[in-house]
Amino acid sequence: MNQYVFFCQPNHCDQFTYLVKEAPSYLVEKGTLLEQGMIIEGDVIVADCAETAIEKFRQINLNAIEDYIQHDPTVGFTTFIMEMYYSLRRRLGAK
């Protein structure tokens, strides 16, 4: 099992990269990414392969977004209005 550290641009975690913490070049590459303005996102993810680590990372971010939506009434209300709009458009046949 490897330890994966994920980096992303602030406020843009859909664009990310990762490093394997056990790699000999980890500290140099980490420094380079931080100098480029990237931040470490979340905790270290332990996984047997990169694909599994990426899936875990995406799931953690998705869960965080869902929690935010559920606990922020403004976001919930906005989502409700948008869904009502889309529903009406579908019912009226507009595209």
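What share of the contacts in the protein with a separation of 6 or more comes from residues 24 or more positions apart? I looked this up, taking contact as heavy atoms within 4.5 Å, and residues 24 or more positions apart account for 49% of those contacts.

Before going on, I noted that the model is predicted, that local features need pLDDT of at least 70 and side-chain atom pairs pLDDT 80 or more, and that totals for chains, interfaces and linings use all residues. Residues are numbered from 1 along each chain as its sequence is written, and side-chain values use heavy atoms, with hydrogens and water left out.

I then read off the secondary structure, which has three helices and four strands in the order β-β-α-β-β-α-α from the N terminus; these are DSSP runs, helices being H or I of at least four residues and strands E of at least two, numbered from the N terminus.

Last, I checked the cysteines: C8 counts as buried because its relative accessibility is 0%, whereas C49, at 26%, counts as partly exposed (buried is under 20% relative accessible area, exposed over 50%, partly exposed in between, with a 1.4 Å probe and protein chains only).
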